[in-house]
Amino acid sequence: MKMKKFAAMMLAGVLATTTMGMGVSASDDDYDFYFFNIKGEDADAMQAAVDAYKEETGVTIKLFTLGSGTDSSEALRADLQSDHMPAIFGVQDAQRLVEYQEGGYAMPLSEATNEEFKALADAIPENFYLTRDGETNYGVPLNIEGYGYIVDTRVIGAMFGEDNTDAFIEAYKTASYAEFEAMINAMQQYITDGTADDITLSGSTFSFAEKNDITSKLKGVIAVAGSEKWTYGDHLVNVAVDGVFSDSVAAAEATTEQLEAGKPVWEAYAKLLDLLTSHAQTERGPELINQTTNGYDQAVASFANGETVFIKQGNWCYTNITNANADIADYMTFLPIKLDVTDEDLTSGITAEQMNTSIPVFVPQYYCINAKCSDEEKEAAEKFLVWLNTSETGMKYVIEECSFIPYNADPDVISAGYSLGDSILSYVKEGKTITNAYAGMPASYATFTLGAHLLENYVNTAEWPETAYSDIADFIVSSWSEAAGL
C-alpha cells in the first residue's frame, strides 16, 4: 500500500466559553464546520493553524477542546446529539469507536467524496486503521506516539559520570529485569544514603559518583502520578497486555481461557507496579495518592525539576515537562519498560527480549468525519484534513509547533525536531517497537476498573500482602471477563 509523505495530525482547539452540551451561542454561529478535539495539549498551536487556514482559504472552523487529561466522552456525546454537531471529532481507539460506529456517526473513509482526501485515506497502512473488523477504516491517524521511562541524561551523568552516560543508556536497553530491579533498589539506596554498591547492566558495571548538586536534589527513583487511576492501568498495563495479545483487535476478542493463560504475565505486571510505587518521590500510601500533592502536574514537575531519575510517560508530555523546566528539553530520552517474564510466559508471539528492549509506538487518536453532517460540511472537513497533512503551512504547525510525529515518517530522513520525538524515531529505525494492545480492553476498563482497584486496594498502603501479585492477576482475569461479558 503506497504511503504519503506525511501523517494526519490532530486538530486541537482552545477552550470555548460556551458550556459543553448546550447550544452554540449566537456569536459562535458564523462558521463553516465544527471540530470537536479530544486532545488538549496543543490547543494554542492548532488554533493558530486553523487561523492560518481561514486566512488562506476563507473557511471558518469552530474548535472546541477540554483541558489536558480531561475525559471528553460525555461532552462529545452531548454535541453529537445536538443541533450543532461536529463534522470532525476525535476517537481514541477501536474500543471507543464502537459507540460512534453503532450510532451512525463514524463515516467509513471509503465513503469520502473529495479526491485528494480519498488518496490520503487510501495511503494509510492497514496496521494503523481505526477498525473493528480489520478491514473498514473509520479514522485518519493523528500521529504516532511512544512511551516508556523518560530519563534526563544529565542526571545519569551526574550519578555515574558524564563519560558513562551513553554507555549506561545502551546497556540499560538490553538489560534483564533482574538487573533493572537491582538498579532501582541501588538508586534508591544512593538517594537515601548517598552511597550504594555498583550496578551491572548487560554485563557492564557502573559505579555511583559522590553526591553532587544534581543528585542531591533527588527524592525518589521514579515520579509517580499517584492520585491518577490511569497511572496503574492504561499504558503501564499495556506492556503486559502486549505479552498476552498480539494487538488491540486480538485483545478485544479475548477469551477467559486466554486471560487465564496470561496469569504469569499479569503477575509480572503486579510485581513491576509494586517496585515502581515503592520507589516513588513520595512514600507509598495515603500521601502518594493525595491528589493535591501527587497528581499529573505534580509528578511532571517533580521529574522536570530533577527530583526523580525517571518518569513513566509518553512524548505527549514533552510540552508539560519543558513548561516546568525549559532547561531539560534537549536531554530527555526513552528507555524500555521491563517485565519479569520468559518466552514461555508470553502468548502473543512476542519474545521476552523483544518486550524488554522495545517501547510501545502507536496511533493515539484519530480524526473521524461525522456521517450525519451535511455533504457540504463533510466536503469542507475533508479539504481541511488534506491541507493540514500535505501543505507546507499545515505541516509547519503540525510538526514544529505541536511536536507531532507523522505515522509514516521515515526515521532516516525526518527529524521530529525535539529530543523525545527523535528518541521514538530511533526505536522505530531499529525495529524495537511493540503495539498498544491494551486499547482492545473493554471500554474504560483499564482506568476505571483496573486502575481504580489498584489505587484503592494496593497503592494506598505501604506494605502489600504476600499474595498480592497472584491476587491482582486473578482480579484481571475475573474483572476483564466480566467487563467483556465472557
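Contact means heavy atoms within 4.5 Å. Helices (H or I, at least four residues) and strands (E, at least two) are DSSP runs, numbered from the N terminus. The model is predicted: local features need pLDDT of at least 70, side-chain atom pairs count only at pLDDT 80 or more, and totals for chains, interfaces and linings use all residues. Residues are numbered from 1 along each chain as its sequence is written, and side-chain values use heavy atoms, with hydrogens and water left out.

The chain averages a pLDDT (the predictor's confidence in each residue, from 0 to 100) of 90. Of the residues, 94% score at least 70. Residues 1-27 stay under 50. For this stretch the model has 103 contacts beyond four places in sequence. Where pLDDT is low, the predicted coordinates should not be read in detail.

Helix α2 spans residues 73-80. Its buried residues (under 20% relative accessible area; exposed is over 50%, partly exposed in between; 1.4 Å probe, protein chains only) are S73, A75, L76, D79 and L80. They cover an arc of only 165° around the axis, which puts them on the same side of α2. The arc is that of the directions from the helix axis to the C-beta atoms. The cover over these buried residues includes β1 (33-37), β3 (88-91) and α3 (94-102).

T60 lies in the loop between α1 (43-57) and β2 (61-65). T60 is buried, with a relative accessible area of 19%. Leaving aside residues up to four places away in sequence, T60 touches D30, Y31, D32, F33 and K54.

Two helix pairs were examined. Axes are lines fitted to C-alpha atoms, for helices over the stretch in contact, and angles run from 0 to 180 degrees between N-to-C directions. Angles under 35 degrees count as roughly parallel, over 145 as roughly antiparallel, 65 to 115 as roughly perpendicular and the rest as oblique. Helix α16 (residues 392-401) packs with α1 at an angle of about 175°. Their axes are 10 Å apart. α1 and α16 are therefore roughly antiparallel to each other. On α1 the contact is made by A45, M46, A48, A49, A52 and E56. T393, Y397, V398 and E401 make it on α16.

The second pair is α5 (residues 153-160) and α6 (residues 165-173). Their axes come within 9 Å and cross at roughly 105°. α5 and α6 are therefore roughly perpendicular to each other. T153, I156, G157 and F160 of α5 meet T165, F168 and I169 of α6.

Helix α7 (residues 177-193) has 17 residues. From its first C-alpha to its last it reaches 24 Å, close to the 24 Å expected at 1.5 Å a residue. The expected span is 1.5 Å times one less than the number of residues. Buried in α7 are Y177, F180, M183, I184, A186, M187, Q188, Y190 and I191. G194 follows α7, with a positive phi near 90°.

Most residues other than glycine have a negative phi. S202 has a positive phi of about 50° although it is not a glycine. S202 sits in the loop between β6 (199-201) and β7 (204-206). At 33% relative accessibility, S202 counts as partly exposed. Phi of S444 is also positive, near 70°. The loop between β13 (433-434) and α18 (445-459) holds S444. At 34%, S444 counts as partly exposed.

E115 is found in helix α4 (residues 115-122). E115 counts as exposed, at 56% relative accessibility. E115 and K383 are 268 residues apart in sequence. C-alpha to C-alpha, E115 and K383 are 9.4 Å apart in space.
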